[in-house]
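Student: Please help me take a close look at one part of this protein, and then show me how it sits in the whole.
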Amino acid sequence: MDPKKTLSVPDLGTYSLHGVSHSSLNIAKEIPGFRGSNDFILTETRRVSIIDTAKDTGHWCQRKYRQIFRKKMLYKRMPILNWLPKYSMEDAIGDLIAGLTVGLTIIPQALAYSGIAGLDPQYGLYGSFLGSFIYIIFGSDKNIPMGPTAIASLLTFQIARGSWQKAVLLCFLSGFVELFMGILGLGFLIDFVSGPVGSGFTSAVSLIILTSQVKDLFGIRAKGNTFVEIWISIFKDIHNIRVGDTVMGCSCIVILLLMRKFSSIKFGPEDDNEKSWYHKVLNKIFWLIATARNAIIVVVTGLISHALIQNGYKGSLKIIGDIPSGLPTFQAPPFSIDEVKNETGHVIQEYESFFDMISFLGSGIIVIPLIALLENMAICKAFANGKPIDATQELIAIGLANIANSFCLGYPGNGALSRGAVNNASGVRTPFGSFYTGVLVILALLFFTPYFTFIPKAALGAVIIAAVIFMIEFNVITPMWKSKRSDLIPGISCFLACLILPLEIGILLGIGVNVIFVLYHAARPKIHMEKRCTPKATKYLLITPDRCLIFPSVDYVRNLINKQGIKLQTPVVIDCTHIYGADYTAAKAIEMLLQDFESRNQPIYFLNLKPSVANVFEGAELDFHVFYTYEILENAIDLCKYRRESRVV
C-alpha cells in the first residue's frame, strides 16, 4: 500500500490532515469509537482533465433529459392526467355546484377589483375566464380559482398607474417570469418571505385597499399611490361628501357583515342524521345566502339604482357606467403604445416603445410573481391537510394562466383566499370546477353587461371593504410577542414601509430587514463553554459552537476562543459536532487561531470534525489535530501535560 495514502494513527489517536489524502475506511478501522456524520467520506484527490469534465457534463445533460422527458414528469407537470381518468359523476356534481357558487363570487369581485387597479370594470372580467381554463390542466390544487385579487389589483395600480396597455403587458411579463421561475424550480424563493413579513405586507395592503375605497363609499374624489397620499387627498375633498353614496355604502357593509354570519346559523339537531329535510333545506339556503352575499348585494343595489334613475333621481348615486358587451378580442398584448392626439392636434399620449414600457413597470415584473406565489401557497396550505405542496408547479400554472389572460386584455391575477374558501366550502372535487366559473363569466360578458351599468360604486366599495377587513392580521401580534419578540421588527418594518412607500419597495424592504436578522444570527453563533477535567485531573475548556463557520462569524468565534484561552491558560477543545460547513475565510481565521495558541505554547484540539469542514481546512494547508472519542482526546491532553512538565524538569 502506498504510504502516502495510509493514515498512521499514533497511540493518542490523533492525526494531521495537512497536505495528505486519506481514506475514511482507514480512519474508521484504526480509531476506535469513531463518531461523526453519515456523510463522513474523505476521497482521494485526483486531477480532473477538461475531457473528463466534458464527459461528466454530457452525462449530466443526459440524466436531466431522461428526467424531464419521462412519464412521471409529464404526470407531475400536467396534474389533469392524474385525476381525469378517475373522474366520476359525484365529482361532476360537486364541481358544478362549487364552480357556479364561485362564479357568483368572482363576478362582483372582478368588477370591484378593476377599480382598485385603476381600470374600467370590464378588465376584471376579461381576466377571469381563460386563466381558469388553463389552470384546470396545469393547476395542482382544486381549491384555487384563478382571477383578479385585491393584492394583485393594488400592485397593478401602483405599477401600471391606470394604463390598460401597461396592465395587460404586466400580465404577460409577470406570467412569463412565473413560468420561467417554475421551469428553473425557483419556488424556494418564497422561503425568503417569512411569516412576520408576509403578515405585515398583507395587513398593510388591506389597509391601503380599504382606504382606496373610502372615496367611493363617500362619493368623493381622491387619488394617490400610498396610504398617506390617499388619506391626504380624501381630507382635501371630504367637504364634497355625498349623502346617497354614504348611506348606500355604509348600509351595504353592515348587511354584508351580517350575511357573512348566516353560514354559522344551523337549524335542527347537531347530528346531521337526525335533521329533517326542511332543516337541511333551511341550512342550505342560509349557507347559499352567506356565500353569494356579494352577488346578492350587487343585484339588489343595481335594481335600486335603476329604480332611482327611472324616477328622476339620476345623480343621487354614482354608478360604474357603461361596460362593453361581448368577449374581448383575442390578440397579443400591446408591446408599444401609439401616439394619440386630440382634435386640436395636441399630443395627449406620447408614443412608448416596448423598452419604455418595461422601464416604467420596473421591479413590479418581479414582485408580482412573488406575491402571486405567496397568495397561491397560502391557499394551498390552508386546505392541504398535511399533503405536500409543489410550489414549482403552482408557478408554472399561474404563469401560463396569466400569459393566456394577457391575450384577452386581462391584468395580473392568481388565486384568492376568499374564493378558495368558498370553493372548498362548496364541495369542489377537482380543478374542473373552474370550468363552470369561467363559463359563468363568459355568459355575464355576453348577456349581462348592460345591467352592470347601474351598479353603484358605493356598493362595490362596500364589497371590497367587507372582504379585506378580515385580511388585517391582528391575531399574529400576541403569539409573536409571546414566542419571539424580535420577529415583530421585520413584520412592523414591512407594514410601515408598505403604508408609506410603494408596495414593491415595501415588501423588498421587509425582506431585507428579515435577511439582516438572519445574517446577524449567522454572524453571532451561540457558543457553549464548559470546564472539564480528564480522569487524571487535567483541566481543559470544551467550546461548542452551534452552527457552521462562515465568513460573518469567524472573527467573532476566533476572538471569543482566544479570550477564553488567555483567561484560563488550559488546553482548549473545539467540539465541531454542529459545524456542518466552513469556507475559506473560516479556514484562514482558524489558521490564525492556531498560530495564536502556538505562540502561547497552549494546546488546541478539534473534536468530531466533519469531512466537508476538514477538506476546507486541508485545502488551506492547516496543520491541526482532530479526535473522535473523548477517551482518546483526554489521553492526549494528559500526555501533552506530562510532556510539558517533563520539559520543565
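Which helix supplies the largest share of the nonpolar patch?

Tutor: Happy to! First, a word on what you are looking at: this is a predicted model, in which local features need pLDDT of at least 70 and side-chain atom pairs count only at pLDDT 80 or more, while totals for chains, interfaces and linings use all residues. Residues are numbered from 1 along each chain as its sequence is written, and side-chain values use heavy atoms, with hydrogens and water left out.

Now to your helix. Helix 23 gives the largest share of the nonpolar patch, three residues. Helices (H or I, at least four residues) and strands (E, at least two) are DSSP runs, numbered from the N terminus. A patch is built from residues with over 30% relative accessible area and no salt bridge; like charges are joined within 9 Å, and nonpolar side chains (Val, Leu, Ile, Met, Phe, Trp, Tyr) within 5 Å. In this patch you can find Val228, Ile232, Ile492, Leu496, Ile500, Leu501, Ile505 and Leu509, with about 670 Å² of accessible area together. Such areas come from the Shrake-Rupley method with a 1.4 Å probe, and for residues only the protein chains shown count as cover. At least two residues each come from helix 12 (227-236), helix 23 (488-500) and helix 24 (503-523).

Pick out Leu496, which lies in helix 23. Leu496 counts as partly exposed because its relative accessibility is 44%. The scale runs like this: buried is under 20% relative accessible area, exposed is over 50%, and partly exposed is in between (1.4 Å probe, protein chains only).

From the surface, let us go inside. A nonpolar core is a set of buried Ala, Val, Leu, Ile, Met, Phe, Trp, Tyr and Cys residues joined through side-chain atoms within 4.5 Å. The largest one here has 92 residues, and Leu125, Phe201, Ile209, Phe452, Leu503 and Ile507 touch the most other members. Leaving aside residues up to four places away in sequence, Phe201 touches Ile151, Ile371, Cys494, Cys498, Leu503 and Ile507; a contact means heavy atoms within 4.5 Å. A second, separate core holds 30 residues, among them Ala582, Ile590, Val613 and Tyr628. In soluble globular proteins, nonpolar side chains tend to be buried together.

Helix 7 (residues 130-138) gives another view of the inside. Its buried residues are Leu130, Gly131, Ser132, Tyr135, Ile136 and Phe138. The cover over them includes helix 3 (71-77), helix 4 (80-83), strand 2 (146-147), helix 18 (391-406) and helix 20 (433-452).

Charged side chains come next. A salt bridge puts a side-chain nitrogen of Lys or Arg within 4 Å of a carboxyl oxygen of Asp or Glu, and the whole structure has seven of them. In one, Arg242 pairs with Asp245, and their closest N and O atoms are 2.6 Å apart. Arg242 is partly exposed because its relative accessibility is 25%, whereas Asp245, at 0%, counts as buried. Another joins Asp596 and Arg558, whose closest N and O atoms are 3.0 Å apart. This pair connects distant parts of the chain, 38 residues apart: Asp596 is in helix 26 (residues 584-599) and Arg558 in helix 25 (residues 554-568). Asp596 counts as buried because its relative accessible area is 19%, and Arg558 is buried with a value of 19%.

Rings of Phe, Tyr and Trp (its six-membered ring) pair if their centres lie within 6.5 Å; planes under 30 degrees apart are stacked, over 60 edge-to-face, and the rest tilted. By this rule there are 20 aromatic pairs. One of them, Trp277 with Tyr278, is edge-to-face, at 5.9 Å centre to centre and 90° between the planes. Trp277 is exposed at 65% relative accessible area, while Tyr278 is partly exposed at 43%. Elsewhere, ring pairs tie Trp83, Tyr87, Phe133, Phe432, Phe435 and Tyr436 into a cluster.

Finally, step back to the whole protein. Its secondary structure comes to 28 helices and 10 strands, and 49% of its 649 residues count as buried. The protein exposes about 32700 Å², with carbon and sulfur atoms supplying 62% of that area.
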